[in-house]
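This briefing outlines the main features of one protein model. Please keep the structure in view while reading the points that follow.

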Amino acid sequence: MTEYLLLKLLHIVFFVYWLGGDLGTFYASKFVAKEGLSAQQRSTALTIMMGVDQGPRICMALILGPGIQMAYNNGLITMPVWGMVAVWLVCAIWLAMVLAIHFGHGKAFVAPLTKFDFKFRIVVILACFAAALDTLLSASPLVVHAEYLAWKLIVFAALVMCGLGIRVMLKPFVPDFVEMMQNGPSPEVDKRLQNTLAKVRPFVYLIWVGLIVNAAIGMHLINP
C-alpha cells in the first residue's frame, strides 16, 4: 500500500466514523428526554450517547491531517515542511483535548480546557476560511492552489462552526438533566430537555449535509 492510498483510506475512515457516529449519537439522544423512561434509563442513554459521540469528535480533529497531506504530496498545496508538521501538530493537540475532556470528567482542568478548546476551534475556522478565500479571490494563492480544495475547507470550517453551535445550544441541557436525575422525571423538565435538543437538531442536519457535500466534492461529483 502506497503512502497516498494509506492517507486516502484514513481520510475515508474518518468520514465514515464521523457521519456514522453522528447518526448514532442523534438516535441515542432521543431516549435522553423520552417521556416514560426512568432517570436511570435516561442516564444510560446519555452514557451511550456521549460514548458514541467520541467517534465524530475524534474524526473531526484528525480528518484535516490526511486530507491536507494528500494535497501537499500532489502539489495542490504549497507550504514549507514545518507547515505540514504544524498541521499534524494541530490535529494531535485537538485530539488530545477531545480525549482529555472526555476522560477527565469531574477533574478541575476540564472547565478551562473546554474554554480553550472552544477558542482553539475558532482559530481553526478562521485559518480554513482565510486559506480558502485567498485561493478563491487571489490570482496567485499563497497556499491552496485548487478551488475544489478551497471549497472543502470552507465546508469543513462550517462543520466546526455547527459543532460550536451545538455546544452553545446545549448549555441549558446539563443543569436540566441534573435536576431530572435528582428529582426524577417531570413534564416541566422533560419539556425543557426536549426544547433544548430541538434547537440542536438543525446544526446536526447541517453537519450531515456538509459531510456528504465534502465527500462529493472530494470525489469530483460536484465541481464548485
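In this predicted model, 70% of the contacts with a separation of 6 or more join residues 24 or more positions apart. The protein is built from eight helices and zero strands. The points below cover its overall form, its surface and one residue in particular.

**Fold and dimensions**
- Read from the N terminus, the order of elements is α-α-α-α-α-α-α-α.
- Along the principal axes, the C-alpha atoms occupy a box of roughly 60 × 40 × 35 Å.
- The protein has 224 residues, and 41% of them count as buried.

**Surface and charge**
- The protein has an accessible surface of about 12,200 Å². Carbon and sulfur atoms contribute 72% of that surface.
- Among the side chains, 16 are positive and 11 are negative. The centres of these two sets lie 3 Å apart.

**A nonpolar patch and Ile-12**
- A nonpolar patch on the surface is formed by Leu-6, Leu-9, Leu-10, Ile-12, Val-13, Val-16 and Tyr-17. Together these residues have about 590 Å² of accessible area.
- Ile-12, one of the residues in this patch, is located in helix H1, which covers residues 3-32.
- Why does Ile-12 count as partly exposed? Its relative accessibility is 45%, and partly exposed residues are those between the limits of under 20% for buried and over 50% for exposed.

Note on methods. Residues are numbered from 1 along each chain as its sequence is written. This is a predicted model: local features need pLDDT of at least 70, side-chain atom pairs count only at pLDDT 80 or more; totals for chains, interfaces and linings use all residues. Side-chain values use heavy atoms; hydrogens and water are left out. Patches are made of residues with over 30% relative accessible area and no salt bridge: like charges are joined within 9 Å, nonpolar side chains (Val, Leu, Ile, Met, Phe, Trp, Tyr) within 5 Å. Accessible areas come from the Shrake-Rupley method with a 1.4 Å probe; for residues, only the protein chains shown count as cover. A salt bridge is a side-chain nitrogen of Lys or Arg within 4 Å of a carboxyl oxygen of Asp or Glu. Helices (H or I, at least four residues) and strands (E, at least two) are DSSP runs, numbered from the N terminus. Buried means under 20% relative accessible area, exposed over 50%, partly exposed in between (1.4 Å probe, protein chains only). Contact means heavy atoms within 4.5 Å. Lys and Arg count as positive and Asp and Glu as negative; His and the chain ends are not counted. The place of a charge is taken as NZ of Lys, CZ of Arg, CG of Asp or CD of Glu.
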